[in-house]
Structure formats: structure tokens, C-alpha cells
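Subject: Structure for you to look at

Hello,

Here is the structure I promised to pass on. Please open it first, then read my notes below.

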Amino acid sequence: MARWFYEDVADALVSFLPPVYRDFGSQISGRNIKIWFGEDHREHYEVQQLGRSKLEIGFHAEYSAEARNEAVIATLSKRERSWRRGLGKEAETGRFIGRKDWRRLSEVWDGPGLDTEEAAVEAAERLARYITTLEKIRGSR
């Protein structure tokens with residue numbers, strides 16, 4: 001993926017979010033886009049490249065203390081029935097891919113054609129689903 005891909009995700013994301021969720025912080029690089037609400041960006045939503053042909057979409061807890069990350073995901077796991085209705089069976093909780101102390105609630109897309117404008121729009125739509133589903137549970141808005 002290139003930076004333009006994540007910029008396209010950001011541009012499309014706003015159109016998929018209700019107005020209450022359009023005021024967010026963000027960071028874009030050549031490998032990912034991170035979206036967060038409030039001052040603390042250690043709990044955030046992300047679309048990121050994994051390897052050559054994989055894309056992860058979802059929520060991350062990236063505190064330096066593994067126990068705090070685990071607590072964030074445990075809180076969400078208690079409401080799994082609620083978020084499962086919005087996110088479906090593709091979403092899974094677990095360790096962050098590639099780092100054992102961080103946690104995630106995300107899904108991985110695998111295959112060719114993930115570096116297109118159409119894929120960026122689809123990723124933005126899916127990221128918006130994570131945001132609207134999980135922010136209701138997290139109570140940030």
C-alpha cells in the first residue's frame with residue numbers, strides 16, 4: 001500500500017460516519033491510518049497493511065502495560081453479543097498481530113487487489129462500522 005491508499009480511506013471514512021463521529025484525531029503513514037476520539041490515541045481504530053497482500057481493519061489497544069490492553073479488550077468482550085451483531089463473525093479479539101503486549105478487535109483481509117481505490121472505500125466503510133459499533137459500547141459520544 002502507499003500513502004494515497006490511506007488518504008483515500010480517510011476521505012471516504014467521513015461519508016460513512018454519522019456527524020457525531022466525524023470529529024476525530026488521525027495519523028496517516030505509508031503503512032496505516034489511525035483514528036481516535038479524545039486526547040488519548042493509544043485506543044484507536046486502524047487500517048494497516050500486514051505483509052504484501054493483507055490488510056487489517058479494526059480497533060487496537062496499544063498501552064505500554066499489557067494488563068491495561070487486556071482490560072480494554074476484556075471490557076469489550078463482555079459486550080460481544082452487542083458488537084457481534086454489528087461486526088459479524090469476521091471480527092476477532094486477541095493479541096495484536098506482531099506484538100504480544102498490545103490487543104485488538106479486528107479482522108484481516110487477504111488477497112490480491114487490496115491496493116485499489118475501490119478497496120480503500122470498502123476499508124473505510126468497514127472501519128466506519130467498527131467505529132459506530134464500538135463507540136456506542138465504549139461510550140465516548
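The protein has 4 helices and 6 strands. Both kinds of element are DSSP runs numbered from the N terminus: helices are H or I with at least four residues, strands are E with at least two. From the N terminus on, the order is α-β-β-β-β-α-α-β-β-α.

Two notes on the source. This is a predicted model, where local features need pLDDT of at least 70 and side-chain atom pairs count only at pLDDT 80 or more, while totals for chains, interfaces and linings use all residues. Residues are numbered from 1 along each chain as its sequence is written, and side-chain values use heavy atoms, with hydrogens and water left out.

Overall shape

The radius of gyration is 14 Å, close to the 14 Å from the globule rule for 141 residues, so the protein is as compact as a globular protein of that length. (The radius is taken over C-alpha atoms; the rule is 2.2 Å times the number of residues to the power 0.38.) Along the principal axes, the C-alpha atoms fill a box of roughly 35 × 35 × 30 Å. Buried residues make up 47% of the 141. Buried means under 20% relative accessible area, with a 1.4 Å probe and protein chains only. Take the contacts (heavy atoms within 4.5 Å) between residues at least 6 apart in sequence: 57% of them join residues at least 24 apart.

H1 with H4

The axes of helix H1 (residues 3–16) and H4 come within 8 Å and cross at roughly 50°. Axes are lines fitted to C-alpha atoms, for helices over the stretch in contact, and angles run from 0 to 180 degrees between N-to-C directions. H1 and H4 are therefore oblique to each other. Oblique is what remains after under 35 degrees (roughly parallel), over 145 (roughly antiparallel) and 65 to 115 (roughly perpendicular). The contact residues divide into 14 nonpolar, no polar and 3 charged. Nonpolar covers Ala, Val, Leu, Ile, Met, Phe, Trp, Tyr, Cys and Pro; charged covers Asp, Glu, Lys and Arg; the others, Gly among them, are polar.

H3 with H4

Helix H3 (residues 80–87) packs on H4 (residues 117–138) at about 160°, axes 9 Å apart. The two are therefore roughly antiparallel. H3 brings Ser 82, Trp 83, Gly 86 and Leu 87; H4 brings residues including Arg 126, Tyr 130 and Ile 137. This contact divides into 5 nonpolar, 3 polar and 2 charged residues.

Best wishes

Technical notes: Buried means under 20% relative accessible area, exposed over 50%, partly exposed in between (1.4 Å probe, protein chains only).
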